[in-house]
Amino acid sequence: MAHTCRNCKRTFATELELDLHRDTCSEGQLFCDNCGERFTERSATTDGWHYRCPTDDCDGEGIGEDIHQVANARVAKQ
Ligand SMILES: [Zn+2]
Ligand SMILES: [Zn+2]
């Protein structure tokens with residue numbers, strides 16, 4: 001079974017390859033602290049100002065609050 005990156009729709013033969021790809025995927029630049037998911041900027045905001053986590057059962061919102069840039073989150077965790 002193929003594993004598909006839900007951000008850029010590339011497919012991978014194994015889950016490990018997909019995991020590795022997700023770390024570098026240029027389409028998943030935002031990260032939700034609340035649910036731990038990554039997603040694209042355009043899936044989280046319509047006006048570039050109000051951000052909301054696109055995950056169905058998550059109420060994370062606000063850039064710099066629940067939602068962060070992946071690059072910034074990495075720096076914060078080190
Ligand atoms: Zn991807
Ligand atoms: Zn979330």
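Is H3 buried, partly exposed or exposed? I began with this residue. The model is predicted, and I kept that in mind for each entry.

**Entry: H3**

I counted 15 other C-beta atoms within 10 Å of H3. A residue needs 20 or more to be buried and 12 or fewer to be exposed, so H3 is partly exposed. I then looked up where H3 sits, and found it in strand 1, which covers residues 3-4. Leaving aside the neighbours within four places in sequence, I listed the contacts of H3 as T11, F12, T14, E15 and L18. I also checked H3 against I67: the two are 64 residues apart in sequence, and their C-alpha atoms are 25 Å apart in space.

**Entry: K9**

Next I went to the loop between strand 1 and strand 2 (11-12), where K9 is found. I noted that phi of K9 is near 70°, a positive value in a residue other than glycine. Is K9 buried or exposed? I found 8 other C-beta atoms within 10 Å of K9, and with 12 or fewer counting as exposed, K9 is therefore exposed.

**Entry: the elements**

I listed the secondary structure and got three helices and five strands. Read from the N terminus on, the order is β-β-α-β-β-α-β-α.

Which strands form the open sheet, and in what order? I found three strands in the order 4-3-5, with antiparallel pairing. Strand 4 (38-39) and strand 5 (67-69) are the edge strands, as each pairs on one side only. For L30, I noted F39 in strand 4 as the bridge partner.

**Entry: the whole protein**

I took the extent of the protein along the principal axes, and its C-alpha atoms fill a box of roughly 35 × 30 × 20 Å. How much of the protein is made up of buried residues? I found that they make up 14% of the 78 residues. Last, I looked at the contacts with a separation of 6 or more, and wrote down that residues 24 or more positions apart account for 28% of them.

Note on methods
Residues are numbered from 1 along each chain as its sequence is written. Chains are lettered from A and ligands numbered from 1 in the order in which they are written. This is a predicted model: local features need pLDDT of at least 70, side-chain atom pairs count only at pLDDT 80 or more; totals for chains, interfaces and linings use all residues. Helices (H or I, at least four residues) and strands (E, at least two) are DSSP runs, numbered from the N terminus. Two residues are in contact if their C-beta atoms, placed from the backbone, lie within 7 Å. Two strands pair if DSSP finds at least two bridges between them.
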